[in-house]
Amino acid sequence: MAGRPVNHERRAELLDAVVDYTVEHGFDGLTWRPIAAALGESPTTLVHRFGSKDQMLQEVLGRLRERILTATAHTTSEEGADLRVHARAVWERTSDPARGGEFRLFFAVYGRALQAPGPFADFLGHVVADWMTALRRVQGPDVEPAAATRTATLVIATLRGLLLDLLATGDRDRVQDAAEGFLSSL
């Protein structure tokens, strides 16, 4: 007898709910029972849907990555979009107070991944590469590849540093002023 067929729609709904839970509560001490209770599901259902806790965490990180990329992807496909337009859109999205939980989780995972890269290999493989690809592309085909990579690296490092500063200090006025200065220099 075959097992129940996978209900992909329900699985996607549960994944989004688990991502929301993880954004709100963090991933330290993440266990099946509290997640299941918060979602009104049994721990067995979550294990059935996601496999191991590590597999679930990988899927949470993948979905979080999708959310972040999707929110700014439109700027790279717009006619006339350039580095400044794209970097501004990324900054506005990432510094939005409503997204603070997502990015606190992002930095928490980043720190954990640097200390224990094994379980976070996929995360580490994408954490710079996704943005690097988009930021090189928006600079256009006429920009020498090494220069495009250098500029993209500076944009990623600067925006992430500004975001980390904002999340750590809450000093929105100071950090926004610095972001405006940086963005206008592009």
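## Basis of the report

Helices (H or I, at least four residues) are DSSP runs, numbered from the N terminus. The model is predicted: local features need pLDDT of at least 70, side-chain atom pairs count only at pLDDT 80 or more, and totals for chains, interfaces and linings use all residues. Residues are numbered from 1 along each chain as its sequence is written, and side-chain values use heavy atoms, with hydrogens and water left out.

## Packing of α1 and α2

The axes of α1 (residues 8–25) and α2 (residues 32–39) come within 10 Å and cross at roughly 115°; axes are lines fitted to C-alpha atoms over the stretch in contact, with angles running from 0 to 180 degrees between N-to-C directions. The two helices are therefore roughly perpendicular to each other (65 to 115 degrees).

In the contact (heavy atoms within 4.5 Å), α1 contributes Leu14, Ala17, Val18 and Tyr21, and α2 contributes Pro34, Ile35, Ala38 and Leu39. By class, these residues are eight nonpolar, no polar and no charged; Ala, Val, Leu, Ile, Met, Phe, Trp, Tyr, Cys and Pro count as nonpolar, Asp, Glu, Lys and Arg as charged, and the others, Gly among them, as polar.

## The largest cavity

The largest cavity has a volume of about 360 Å³. A cavity is a set of points, on a 1 Å grid over the protein atoms alone, where a 1.4 Å probe fits but cannot get out; lining residues have an atom within 4 Å of a point. The volume is the space filled by probe spheres set on the points.

Of the 23 lining residues, Ile68, Phe106, Val127, Trp131 and Arg160 are the closest to the centre of this cavity. At least two lining residues come from each of α4 (53–77), α5 (83–95), α6 (100–115), α7 (121–126), α8 (129–138) and α9 (145–169). Helix α4 supplies the largest share, seven residues. The lining comprises 15 nonpolar, four polar and four charged residues.

Notes: Angles under 35 degrees count as roughly parallel, over 145 as roughly antiparallel, 65 to 115 as roughly perpendicular and the rest as oblique. On a 1 Å grid over the protein atoms alone, a cavity is a set of points where a 1.4 Å probe fits but cannot get out, and a pocket is an open set with protein on both sides within 12 Å along at least five of seven lines; lining residues have an atom within 4 Å of a point.
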